Amino acid sequence: MDNAPILNVAALRARVADEDLDILKGVDLAIKPGEIHAIMGPNGSGKSTLAKVIAGHPAYEPTGGLVNFDGEDLLEMEPDERAQAGVFMAFQYPVEIPGVSIANFLRTALQARLEDGEELDLFDFQELLMDRMELLEMDPSFAQRSVNDGFSGGEKKRNEILQMAILNPSLAVMDETDSGLDIDALKIVANGVNTLKKENPDISVLLITHYQRILNHVTPDVVHVMVDGRIVESGGPEVALALEARGYEEYRNAHAA
Amino acid sequence: MPGNEVIQGLGLDDYKFGFVTDSEPVFRTRPGLDAEIVEQISARKDEPEWMLKRRLKALRIYESKPMPQWGGDLSELEDTLRQTYFYVRPQEQMERSWDDVPDSIKETFERLGIPEAEREILAGVGAQYDSEMVYHSLKEEWESKGVIFDSIEDGLKNHPELFREHFGKVIPAADNKFAALNSAVWSGGSFVYIPPGVELKTPLQAYFRVNQERLGQFERTLIIADEGSRAHYIEGCTAPVYSTDSFHSGVIEIVVKREARFRYTTIQNWSNNMYNLVTQRALVHRGAHMEWLDGNLGSKLTMKYPSCYLMEEGAHGEIMSIAYAGDGQHQDTGGKVIHVAPNTSSSIVSKSISKGTGRSSYRGLCKVYDGAANARSNVECDALLINETSRTDTFPYIEIDEKSATVGHEATVSKVGDEQLFYLMSRGMDEAEAMALIVRGFIEPIAKELPLEYAVELNRLIELEMEGSVG
C-alpha cells in the first residue's frame, strides 16, 4: 500500500459559493506520500481555488467529483477536522490575530488535537517550539510576537513555515506562497520546505505557484500545468522550464481551440 | 460552518453566579421610595442629623431631575423602581471574622471564592450582601500602618471629620439623577484611607452580592489616597438570575492626593436582569496618578463612565475598559477626563465586544480647560462585533479650550471575519475555540493589566460566553 496516493482528487468541480460558474471544471490529481507536486498556471486558472477547496475554505463550494485524503472523504469534513487529519495549508495572505502570540496560537492548535480532558504538557510544548525554531534558524523572540500583526511579507511566510513545522502535517499545500515575495523571502519558504522534507521524507507537498522561480529552490517530482480549471499537462521539472520559455499562451490557445 | 452564523441564545444556565441563597433579612423597607423610607434607612444606621438632612435634600434633587434621555433605554426603569426594595438589611451587625457571618451568607461568599482569595492574594476584604456590608477585614500589617478599610457606615461613625471633609465633594448629589438617588438612599460600600507614603503591596477587595429579588443596591464608596501613597482596590459584583429586574446604582468618590498612585478595578458580572448605573470619579492632585480598570460583563444595561478630574499640575489619569454585551444586553460605557491644570495627561483605552443582539456604546468626554497648558490626552476605542445582529456605537465628546493641548482620538470597529476563523480552523481549532482565541487576543492589552487570578477568570468567562456564539 506504500504506493497508494495520500491525496486523490478526481473529476473535482467547484465554484465560489452562491455563484453559477464552476472555476474548477474537472481536476484529477494524485499525490503519493513523500512526493512534491507543483501546480503552475496563469492568474484565474483555478489553482488557488484548488488549494482552498482542499483546505475547506467556506467561500468555495464543491459541485462534483471527490477528494480523498488518506482513505477519507475530505469534502465531508470541517476545516478543523481536515487539519487534524493531517492537511496543512500555508496561506497566500496569512491573517492577523492581534493580541495572540505565535506561541499561544500554536499551543491552542496542538491542544485542540488532544482528546477532551487531556492537557498539553507545557514543558514538552516549549521544548518542541524551541527545537523547531532552532531547526528553522529562527530567533526565539519571534514566538512572542502577535500572529502576523504588523509582519513583513517575509515574516508572515516564516510564520507559516513555523506552523507547518509544529503541526507536522502529512500533506502541506503551499498556496501561492511565493507571490509578491522578494528573493530572500522566497528562500525562507524554499529552505523551510526543504528542511522539513529532509527531516520527514514522508511529507507530501503541493506547491501552487504562478512563477517558475521557486522551483529553482524546491525540486518537484511532478509539475502540472493548470489552465481554465483543468490540469492540461503533467510531467517532470522540464515542464516548468518549458513553460518558462514559452509562457501560458500556447496552452490557452490550445484549450480554446 | 463559519459564516453560517446561527445565533443561539446563551441561555441563563451559563451564568454560574445565578444561584439564590435562602436567607431571611432582619429588616427591609416597603417597596418604592419616599421621604419616610429615607428616614427609616438613616434611623437604622443611627446617623447624625446632618446626614439625614443631606439625604432628604438629595431625594428632592432626585425627584426633580428627569430620567436621562440619552444612553440606554430607561423607559421601564420607573416601573421597576416602584417595585424595588430600597433597603434590605441582611443581619444585625457587620462581622470581622468569617466564622461569625451567618452560614447561609457565608456559604454564598464561599461559592464565590472570596474567603480563599482573601487568604491568598488580598490585603483586605469587604463583602456586601444586599444593602449592608456583612464582613470587613484588613490584615494586621496594614492596620498597624494606619490604613483604614471599613464599611462606609463605620467610616462615618469612627472618622467623622475625615468623612465629612470629603463625602459628597467629589460627586455632589446634584451631579446627575442617579448620583442624587444614591445620595438619598446609600447603604454599604467602603471607606478607605491610605496614609501618606504607605504602599499597599496587595489589593483591597470589596465584593457586592445582591440576593434579594427586586432589590436596589446603592453602595457608596469614599477613598482617600493621601500624599505619596500607593494602593489598588478591586470591586466585584454578581447577583442571582430573577425574572424581575433589579437595580444597582453605586457612587464611588476617590481623592488622590499629591504624588499618590491609585488603581480602582471593577469586574462587574451582574446577572442579565440588572440595571447598573454607576457614577465613579476621582480628583487627581499634583503629580498623582489615577487608573480606572473597568470590566463590564453582565447586567441588562450598564451606564458607567469612570472619570478623572486632573486638578493640579502633572496629574495623570488613565481609564481602561472592557465591555462585553451578549444577547439583549446594552453596555453604554466609556470614560471622562477633565484637564484643569497645566501639564496634565490622560489616556482612555476602551474595548468592547458585542455578540448576538448585544449592543455596546463607547461614550467619552475629553475636556481641556483654558489654562491647562500642554495637556495631553489620547483616546482609543476598539469594538469587535461577533454576529451580523451585534451593534456598536461611538460617542466621543471633545471640548478643547486650550491652544497648547494635544488630543488624539482613534476608533476602530472590526468584525470577526470568516478569513480569521478559517485561518484558525485550518490549524485544527473548532469554531468556538477559534472565536475565543480571537476575543482573548482582542482584550489582551487590558486583560494583562489585571491580577493573574482575575485575568484567568475573565478569559474563562469569555470562553464560556463564546460557546454559544456560533451555530
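In the predicted model, 22 residues of chain B are in contact with 21 residues of chain A, two residues being in contact if their C-beta atoms, placed from the backbone, lie within 7 Å. On the side of chain B that touches chain A, α10 (418-425) and α11 (431-447) of chain B each supply at least two residues; the largest share, 8 residues, comes from α11(B). Helices (H or I, at least four residues) and strands (E, at least two) are DSSP runs, numbered from the N terminus. This is a predicted model, in which local features need pLDDT of at least 70 and side-chain atom pairs count only at pLDDT 80 or more, while totals for chains, interfaces and linings use all residues. Residues are numbered from 1 along each chain as its sequence is written, and chains are lettered from A and ligands numbered from 1 in the order in which they are written.

Chain A contains an open sheet of 6 strands in the order β6-β9-β10-β3-β11-β12, with mixed pairing; strands pair if DSSP finds at least two bridges between them. Its edge strands are β6 (87-90) and β12 (230-235) of chain A. β6(A) and β9 (residues 171-175) of chain A run parallel and are joined by 4 bridges, and A:Met89 has A:Val173 as its bridge partner in β9(A).

In helix α4 (residues 103-111) of chain B, B:Ile105, B:Lys106, B:Thr108 and B:Phe109 are buried (20 or more other C-beta atoms within 10 Å of the residue's own, C-beta atoms being placed from the backbone). The buried residues of α4(B) pack against α5 (114-121), β3 (124-129), β4 (132-138) and β7 (204-209) of chain B. Just after α4(B), B:Gly113 adopts a positive phi of about 80°.

Methods. A residue is buried if 20 or more other C-beta atoms lie within 10 Å of its own, exposed if 12 or fewer, and partly exposed in between; C-beta atoms are placed from the backbone.
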